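Keep the sequence handy as we go.

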Amino acid sequence: MPPLVARGVRLAAAIALLATPAAAQVPGWDRGLDAELDSIRKAWKVPGMAVGIVSKGKVIHLKGYGVRDLATGAPVGPDTKFRIASISKSFTVTALAALVGDGKLAWDDRVRQHVPEFLTYDPVVTDRITVRDLVTMRTGLARHDLLWGIDVFPREELVRRIRHIAPNQDFRTAWQYQNLMFTAAGYLGGRVNGTEWETLVRTRVLEPLGMARTSPVMADYERDDDFTRPYALHDDGVVRLVARQRNSDPLAPTGGLHSTLADMMAYLTLHMQGGTHRGREVIRRSESRAMQTPQMAMQRPMTWEADEFPELSDEAYGMGVLVTHYRGRKMVHNPGNWDGWSLELSFLPNDSLGVVVLTNLYSTTLRDFLPWLLYDRLLGLSNSRWSDRFLARAGRARATQAAARAREDSARVRGTVPAHPLDAYAGRYHHPAYGEAVVTRDRDGLRLRFGAFEFPLAHHHFDSFRYEPPAGDPTYNRFRWRVSFLTGLGGSVETLLAPLEPAIPPLPFTRVRP
């Protein structure tokens, strides 16, 4: 069947489900819904959005809003591609669950049973760390996202470099968001399967669900004729992120899939139905239940203030998904965020109700509350004014960020000069995990090259230098750095300190001598 015809058949089948009795179970639930959703999208300055709802195994809403490309005005539809970022984590766990069902793997297998060369900073952890530890974020390691974010290391090398990162928490004592260990979990899954992770997730998840427009390979994204462009909010409004997109292939098991709303409806339904799709068992019910069972306590929802949302209980982490309660109902969800996209998969398992929200705006919290708004509407609950509350919260967050930057600026000691001529700072500096940082001198001052990125360093004070992106510049929108140099006993510059991970002190890069 030709691709365009196949897409039309899939879309027609999904739309046909809207006429099923499931939509009639909540009389009038959709009255004015489209206008309300589009109004919320505009209030949050989201260029494009796709929203799907599943109730009792049936798709009762499947629609795009806004545009996938502001320049062309091309609309978002159910078959428009979005990069789904960290929702990829649950795909990796689902693929591992299929291997568990085959008897090839157990959640409490030690990692080195399957990847003998795997090492961590602590030899005790190396010996004891299990598959379950990798996918429940309890290894003691802080995020260290710039290790993959500098966009230079292949997957196998990322896994190898984990051994050089010291933990900041004791093993199995605290939950910390962790992308590198999920990458290691995907690498392990491919090893157990005798393939790459990409083949594992295609054959055990995507193909059984008929997710023909979903792919784990970055190059497949823009080859398509229907994909979203990435955007972000800056001081002067919405800007397209025009910089070269970071290569997501090395960390695809933790954040590299791209999909469509129509495809995600099949995936959502799989997990709402305990691992079955159209009567076929994709993963065992016991493994589906394990994914949705709390494995690690979390102090509070990831970024929310204490008691800010009484409708929500404390969260826990399952395997690849978060588990909490919404207004007394168990809720399982999986958020995603990437350079230009924010997304959410959410469902109430005991109410057989689920929502997928896809947007092409970086770090918008619209994706957080929109499922709750829809749950209120579908379950006949009181209106919680979610959009208004989150808009107010976003305003407070901007004010807090501005105050923090003002404090940082006020702490700057004016009138100081570097201890050395600028040429003395130029050179190569090395860290065993992060690799090389190269400082060069040009006629304007110092420049720092780190991985795939390069930017100027202006003098801050003493031997500290900083980089701040110009207002509205989308090129390095996530980089705001201050680095410091240390002088050795011999009087020469020997060390560069870089704040690579917010949870720990700056990391030392040692000067490489010829």
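Eight strands close into a barrel here, running in the order S16-S17-S18-S19-S20-S21-S22-S23, with antiparallel pairing. From one strand to the next, the twist averages 30°. Bear in mind that this is a predicted model.

Strand S16 covers residues 427-431, strand S17 covers residues 435-442, and five bridges join the two in the antiparallel sense. Look across from tyrosine 429 and you'll find alanine 437 in S17. As a reminder, strands of a sheet pair through backbone hydrogen bonds, in either a parallel or an antiparallel fashion.

Now hop over to histidine 144, in the loop between helix H6 (131-136) and helix H7 (146-149). Is this histidine 144 buried or exposed? Its relative accessibility is 2%, and because buried means under 20%, histidine 144 counts as buried. Setting aside residues up to four places away in sequence, histidine 144 touches Ile165, Leu180, Tyr434, Glu501, Ile504 and Leu507. Asparagine 179 sits 35 residues from histidine 144 in sequence, yet their C-alpha atoms are 8.2 Å apart in space.

Last stop: serine 342, which lies in strand S14 (residues 341-348). Serine 342 has 0% relative accessibility, so it counts as buried too. A polar atom of the serine 342 side chain lies 3.0 Å from the backbone nitrogen of threonine 364. Thr364 also turns up among the contacts of serine 342 beyond four places in sequence, a list including Val357, Leu358, Tyr362, Ser363 and Arg367.

Notes. Residues are numbered from 1 along each chain as its sequence is written. This is a predicted model: local features need pLDDT of at least 70, side-chain atom pairs count only at pLDDT 80 or more; totals for chains, interfaces and linings use all residues. Side-chain values use heavy atoms; hydrogens and water are left out. Helices (H or I, at least four residues) and strands (E, at least two) are DSSP runs, numbered from the N terminus. Buried means under 20% relative accessible area, exposed over 50%, partly exposed in between (1.4 Å probe, protein chains only). A polar contact is a pair of N or O atoms within 3.5 Å; within protein, one must be able to donate a hydrogen and the other to accept it, and residues adjacent in sequence count only if both atoms are side-chain atoms. Contact means heavy atoms within 4.5 Å. Two strands pair if DSSP finds at least two bridges between them. Axes are lines fitted to C-alpha atoms, for helices over the stretch in contact, and angles run from 0 to 180 degrees between N-to-C directions.
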